[in-house]
Amino acid sequence: MSMKQEKLDELSDHMFQPANTDVLENEQIAGESTGFWKDAWRRLKKNPGAITGLIIILIIILMSIIGPGMNEYSYSQQDLSRAKLPAKVPVLENIEFLGLNGVDIRGTDQYEAKGVDEYFWFGTDGFGRDQWTRVWQGTRISLFIAAAAAFIDFVIGVAYGGISAYYGGRVDNILQRIIEVLVGIPNLILIILFILIFEPGIFSIILALSVTGWVGMSRIVRGQVLKLKTQEFVLASRTLGATSGRVIGKHLIPNVLGQIIITTMFTIPSAIFFEAFLSFIGLGIRPPEASLGSIINDGFKSLQIYPHLVLWPSIIISLIMIAFNLLGDGLRDAFDPKLRK
Amino acid sequence: MGRYIGGRVVSMIITFLIIASLTFFLMKLLPGTPFNNQEKLTDTQIVQLNEKYGLNDPVAVQYFNYMKNLFVGDLGVSFQQDGREVSTIIGERIGASAYLGFQSIVLGTIIGLFLGIIAALRHNSFLDYGTMVIAVLGISIPNFVIAGLMQYWLGVKWGLLPVAYWDGFAYTIMPTIAIASIVVATIARFMRTEMLEVLGQDYITTAKAKGLSSTAVVIRHTIRNASIPIITIMGPLVVALMTGTLVIEQIFVIPGLGEKFVNSIMTNDFPIIMGTTLFYSLLFIVVILLVDVMYGIIDPRIRLAGGKD
Amino acid sequence: MEKILEVNDLHVSFDTFAGEVKAVRGVNFHLNKGETLAIVGESGSGKSVTSKAVMGLIPNPPGRIKQGEIKFGDRDLAQLPEKEMQKIRGSEISMIFQDPMTSLNPTMTIGKQIMEGLIKHQNMSNSEAKERAIELLKLVGIPNAEGRVTEYPHQFSGGMRQRVVIAIALACNPRVLIADEPTTALDVTIQAQILELLNDLQEKMGTSIIFITHDLGVVANIADRVAVMYAGKIVETGTVDEIFYNPQHPYTWGLLGSMPSLDSTDEELIAIPGSPPDLLDPPKGDAFAPRNPYAMQIDTEMEPPLFKVSDTHYAATWLLHEKAPKVEPPAAIKKRMQGMAPDEPIIGAKDGGKHV
């Protein structure tokens, strides 16, 4: 410790005068406080996957609105003289590997062979209907079914879960027993039976998807409300004199709403999948109406020769599913950074 | 534990009875007729057929007979296949479906666990991100899209694998991949999360402080504990698998139960729809029960909690 | 006295998104054979990081030992490859953790958890290791050890679990035992029992202990020497008597002043104002200066060196410089220092505890 002892002796006297230190300066909290939604949005923006998902969803929604009107063909207009044409797009037709030049897999230019001068951007189906118009029309219907099913899930689920948690006791007990039985039945089976009874169509599909769909939502709402009822910060804010309105507005809604949004984000792709699945087993939308699932199902019949009939709607449905899953994951992380399952 | 299982079995039977009744009454509500080629049948023939299958009895009697037969495993006969036993038809068809389902879940679980473990151990590396991309794709892309893409490219275009039918191992590869994709994705994702959670636990530090090698810490303490909760997602996975076989068997023309079920829906063969529905429901209920019991056996915390009851 | 462990100029940093957090900034201390050294400081002072560095358990990334040496015998643990470190961990140096509720694997019997180290380090067979595990459980005072060896952690209470953790740590007769706040998560009565157990075991096995704590009451009960840490540095080190009766650093005064004592009820506790500095960007000069009512100009400009008070007692404060004004500790703390002695137990006791 004799180190630098001499140097230390050289230190001037004024160095040993008391320093002006303001202790309280230390106590300040750094950083500004941000609101729940602002904070969630900030975290979401940092997640490239979620933002990509959001953009894809917006583009697909836009296309489902304007896509069917972008050319002169209607989704149900048949013309056998131009049936099963491959895709052909102006300009892009010159780039050979894209396969958008109207040449089918056997190497024949079908447009030339059939004497068709028009361009069908996604080709045509077995009845000569424009696939582009049909795919976006189908997207519109698939999204509508999913959104409607998600909305019904939301209404029933929030009401059921909220009532169950709010009243508690016997009401809660009975409502939860009912759910237990419902959960014991594979929802797939229930959906199929339900559609068999009603005629297949948009509304019976929406109803069938909602028969069991709300259970998940109601469980989440009930769980959140019950958790919040007993959570210490709610107790703390009550102790500090917060009114019920403030507890609901400041604690309950932000926490529950976040969970509800996340659940909805996963309900939509699952509804789209189930709708497509129903089309596959012959219980979907009836022609001439089309959904993405029914278009893909139709295409499968001639997959080996006309793969384009399956390819385009498959890409769209996959994009929708991926986009919603990415956005759902991103929202989950944004609303609750601790919960990463 | 014994009492716990007993209670579960009772509630399982009740659920099954509810499903059976529900199925029966829903079937009675169905529009249309159960007979094939109705327009070719004369009125007397229809009366005879109704008589033969007891369809003229009051619904209550029909329900009673149906439930009674159900108890002895008699699911009735198919009206459209010359009165063949539904249980026989299910028996013929279950083999291919079971093989496909089993192969998919075993393969999918192994690959999923492997990916999840690697991703967690190499957290935030290229491997981790790669696995996450595979998981999102596997969960998102519908199995029929995967099936279609494979069928076209691997089957038609490159001719690597048979396009369809059921005639040996090569025929099982594409359907298995299509069904297993969701299993791989779900398990990889779940395992990764569990692994990361366990790796952050204090007892992992304790294990390292004992001087165990990193391999021993990973295998004995991390993987072991992280894989226990995997059992809980097996129930939902089996359902996803069932959904998968319905569609995939249709696409690849596999003579399984799923394909039969879909065809009976298209031809209104009610006894087969009912029988298959009940069969699937029973399968589902039994799997859920097994999952619960297995979880109790494997996790000592639950095992003892059950034992003290 | 034989030095068993010597830490020289240890720097440990963590790379975070916000930048490099300098958790340990040049720590020197040594541990003598058979003694108990207490490292005292508040949360975030770097005491746990220091102990993890000795164990080679700094997670990398984000953490790394930037410089310094950790001499254990003729080896420098800071440089040792992981494989070699594994041989030392659990056999020559072992560690007890803060929270017994989470530091045991919930899905493995406690017997297996004790046996793991024995099988690895002492090449014991399964049955030998099991016998030794039962012996160890008896040693740490677990009744019916033969029956309990096959039970799972959740079947034990917190205090019993901490005994199991101690049994795991002592399994291979380590020369150094690092106890990282081993009693913080326990009830006060259980705390006393665990401290007593550690004292007993040290007597029986001659282990040297590094005892990390923020509780000076515990220090009085168990330590021979004390090192006080603040903001990643040791600010004062000395024997227990020196630290309790003749503290030199204003931070040590603060710690003593903020400690409740049983025998004097009329005094109020004296809190240390402010909070510890941000180690992302440690302040220039003495890190304690902003909270120090006796701070001088020089404190804001230069870091104080360690001034020698006696052969065993050093403190890093400019107040010990000959040109500094003579400052006496606040009266309340002085009074408290009188009433406080290692011989007069605060919680449980070194000797008195045996009668609890």
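The sheet of chain C comes first. In this predicted model, 8 strands of chain C form an open sheet, and the pairing is mixed. Their order is β6-β7-β8-β3-β9-β10-β12-β11. The edges are held by β6, residues 93–96, and β11, residues 307–310, of chain C. Each has a single partner strand, so one side of each is left without a neighbour in the sheet. From one strand to the next, the twist averages 20°.

Let us look inside that sheet, at one pair of strands. Strand β9 of chain C, residues 225–230, and strand β10 of chain C, residues 233–239, run antiparallel and are joined by 6 bridges. Within this pair, C:Tyr230 stands opposite C:Lys233 of β10(C). A helix also packs on the sheet: α10 of chain C, residues 250–257, which touches β3 (36–40), β9 and β10 of chain C. The direction of α10(C) makes about 105° with that of β9(C).

I turn now to chain C as a whole. Its secondary structure comes to 11 helices and 12 strands. The C-alpha trace spans about 70 × 45 × 40 Å along its principal axes. How does the radius of gyration of chain C stand against that of a compact globule? For 356 residues, such a globule would have a value near 21 Å, and chain C has 21 Å, so the two agree. Buried residues account for 51% of the 356 residues in chain C. Consider also the contacts in chain C between residues at least 6 apart in sequence: 67% of them join residues at least 24 apart.

In soluble globular proteins, nonpolar side chains tend to be buried together. Here the largest nonpolar core has 240 residues, and C:Ala167 and C:Val228 touch the most other members. The element that gives the most to this core is helix α12 of chain A, residues 308–335, with 16 residues. Which residues surround C:Ala167, once its neighbours within four places in sequence are left aside? They are C:Ile114, C:Leu136, C:Leu137, C:Leu139 and C:Val140, each in contact with C:Ala167.

The interfaces follow, beginning with chains B and C. Here 24 residues of chain C are in contact with 19 residues of chain B. On the side of chain C that touches chain B, α2 (82–88), β6 and α3 (110–122) of chain C each supply at least two residues. The largest share, 4 residues, comes from α3(C). By class, this side of chain C has 8 nonpolar, 11 polar and 5 charged residues.

For chains A and B, 35 residues of chain B are in contact with 33 residues of chain A. Which classes make up the side of chain B that touches chain A? It has 25 nonpolar and 10 polar residues, and no charged residues.

Finally, one helix of chain B, α9, residues 214–227. Its buried residues are B:Val217, B:Val218, B:His221, B:Thr222, B:Ile223, B:Asn225, B:Ala226 and B:Ser227. These buried residues pack against α4 (86–121), α7 (169–199) and α8 (202–209) of chain B.

How values were computed. Residues are numbered from 1 along each chain as its sequence is written. Chains are lettered from A and ligands numbered from 1 in the order in which they are written. This is a predicted model: local features need pLDDT of at least 70, side-chain atom pairs count only at pLDDT 80 or more; totals for chains, interfaces and linings use all residues. The radius of gyration is taken over C-alpha atoms; the globule rule is 2.2 Å times the number of residues to the power 0.38. A residue is buried if 20 or more other C-beta atoms lie within 10 Å of its own, exposed if 12 or fewer, and partly exposed in between; C-beta atoms are placed from the backbone. Two residues are in contact if their C-beta atoms, placed from the backbone, lie within 7 Å. Ala, Val, Leu, Ile, Met, Phe, Trp, Tyr, Cys and Pro count as nonpolar, Asp, Glu, Lys and Arg as charged, and the others, Gly among them, as polar. A nonpolar core is a set of buried Ala, Val, Leu, Ile, Met, Phe, Trp, Tyr and Cys residues joined through C-beta atoms within 7 Å. Two strands pair if DSSP finds at least two bridges between them. Axes are lines fitted to C-alpha atoms, for helices over the stretch in contact, and angles run from 0 to 180 degrees between N-to-C directions.
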